[in-house]
Amino acid sequence: MGETLISKSTLQKAVQSFGLPRLIIAGFLLSLFITAPFVGSNFFTQLSNTINRFGWNAVLVLAMVPMVHSGCGLNFGLPLGIISGLLGATLSIEMGFTGFASFVMAVVFCTPFALVLGLGYGWLLNKIKGGEMMIATYVGFSSVSFMCMMWLLLPYKSPTMIWGYAGKGLRTTISLEGFYSGVLSNFLAIRTPHMLIPTGAILFFALLAFGMWAFLHTKTGTAMTAVGSNATFARAAGINVDKIRILSVGMSTWLGAVGILVYQQGFGWMQLYMAPFNMALPAVSAILIGGATVNKASIINVVLGTFLFQGIVTMTPTVINNLMMVITGQGLDISEVIRVIASNGMILYALTRKSEVTR
């Protein structure tokens, strides 16, 4: 009897530590993997798709960590970083760099844009403390709309990117074939008949994640965590709170810029104009689903949240659509409807969990 009570208590503590909502989501994802072979979906193909999307999206989710640690909240202004990355990418192509060099130069070119926009954004957030996430949404949306005009007006000349009939203005979608398409995903990639593991993209994320973990354990990183935990105490300890907050926003914006480059190389093209408009929501949702709160986030939250979110978004349309076909016997293609319901449902769920206390 005593052993049963102990085991129940241990199980309850384990569930509480992991989080019941995350346990339910993980269980649902596991059920999709189990169901997949029985409805005509190859298990290894679906697992490969999930891992690939994890590798492409993880850096964008990692961009949330610095701002959360400094108390600036979740970075709904991520489009500023994405726009910086797009500027770096287009400049790299414009100047004729190809292959891995085009990716490296895209990172180099996007860095000054990310730092200037990030530091300016951080200065703005310092002026409206307490309403960061609301203002961030407007900053992100307005910057995307502003760049819709700039993509038409900036003097790009590369025939790969401009509209052929007009001779100016960038196309909505630009192929990265011959530039940096797959430069990370194909590096040391593990290939089987049904699987492709993007080893390079995962290693690149691991390098940035380790760098973030190491930074948070430095004197400046500890000060950043202190500012997010209790700004009054941090100020009394001699920490320049405003400077630390601006630094965190700059780091987050730069990671967003690099993150969109990793995302693009995985898919093989870049999208301009309104494409970055809602890209902050999946990243915010992923880290919240991983167990982060508005003032606490870890690398584990990034890894777990990205895998769960991308796994659900990837698996649900295919498996549920095939299941419906098996049940009804009709060739109904409702995968896009299911994808929209699953992705937006996950976002809605995550945003209602922002105040949840985690381990």
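A residue is called buried here when its relative accessible area is under 20%. In this predicted model, buried residues make up 48% of the 359 residues in the chain.

**Figure 1. Overview of the predicted chain.** The model is predicted, and its chain holds 14 helices and 4 strands. Among contacts with a separation of 6 or more, 76% join residues 24 or more positions apart. The count of disulfides comes to 0.

**Figure 2. Packing of helix α8 against helix α11.** Two packed helices are described by the angle between their axes and the distance between the axes. Helix α8 covers residues 199-216 and helix α11 residues 241-267; the two pack at an angle of about 175 degrees, with their axes 11 Å apart. That angle makes α8 roughly antiparallel to α11, because angles over 145 degrees are counted that way. On the α8 side, the contact is formed by A201, F204, L208, M212 and F215, which meet L247, M251, W254, L255, V258, V262 and Q265 of α11. Sorted by class, the contact of α8 with α11 has 11 nonpolar residues, 1 polar residue and no charged ones.

**Figure 3. Packing of helix α3 against helix α11.** Helix α3 and helix α11 pack at an angle of about 170 degrees, and their axes are 7 Å apart. The angle makes α3 roughly antiparallel to α11. From α3 come R53, G55, W56, N57, V59, L60 and L62; from α11 come L255, G256, V258, G259, I260, V262, Y263, Q265, G266 and F267. The residues of the contact of α3 with α11 divide into 10 nonpolar, 6 polar and 1 charged.

**Figure 4. The ring pair of W56 and F267.** A pair of aromatic rings is described by the distance of the centres and the angle of the planes. The whole structure contains 12 aromatic pairs. In the pair of W56 and F267, the ring centres are 4.7 Å apart and the planes stand at 55 degrees, so the pair is tilted. W56 lies in helix α3 (residues 43-62) and F267 in helix α11, so the pair ties together parts that are 211 residues apart in sequence. W56 counts as buried at 12% relative accessibility, whereas F267 is partly exposed, with a relative accessible area of 24%. Ring pairs link W56 and F267 with Y263 and W269 into a cluster.

Figure 5. T90 lies in helix α5, which covers residues 78-94. At 0% relative accessibility, T90 counts as buried. Not counting residues up to four places away in sequence, T90 touches W151, Y156, M161, L170 and M270.

Figure 6. S143 is found in helix α7, which covers residues 132-153. With 11% relative accessibility, S143 counts as buried. Leaving aside neighbours within four places in sequence, S143 is in contact with P79, L80 and I83.

Figure 7. F100 has its place in helix α6, which covers residues 99-127. F100 touches V183 and L184, not counting residues up to four places away in sequence. The C-alpha atoms of F100 and F179 are 7.4 Å apart in space, while the two residues are 79 residues apart in sequence.

**Figure 8. Helix α12 and the residue G291.** Helix α12, residues 280-289, is mostly covered, as 8 of its 10 residues are buried. The buried residues in α12 are A280, A283, V284, S285, A286, I287, L288 and I289. Just after α12, G291 takes a positive phi of about 115 degrees.

Notes:
Residues numbered from 1 in each chain as written. Predicted model: local features only at pLDDT ≥ 70, side-chain atom pairs only at ≥ 80, totals over all residues. Heavy atoms only, no water. Axes fitted to C-alpha atoms, helices over the stretch in contact; angles between N-to-C directions. Parallel < 35°, antiparallel > 145°, perpendicular 65-115°, else oblique. Contact = heavy atoms within 4.5 Å. Nonpolar A, V, L, I, M, F, W, Y, C, P; charged D, E, K, R; others polar. Phe/Tyr/Trp six-rings, centres within 6.5 Å; stacked < 30°, edge-to-face > 60°. Buried < 20%, exposed > 50% of the residue type's maximum accessible area, 1.4 Å probe, protein only. Disulfide = S-S within 2.5 Å.
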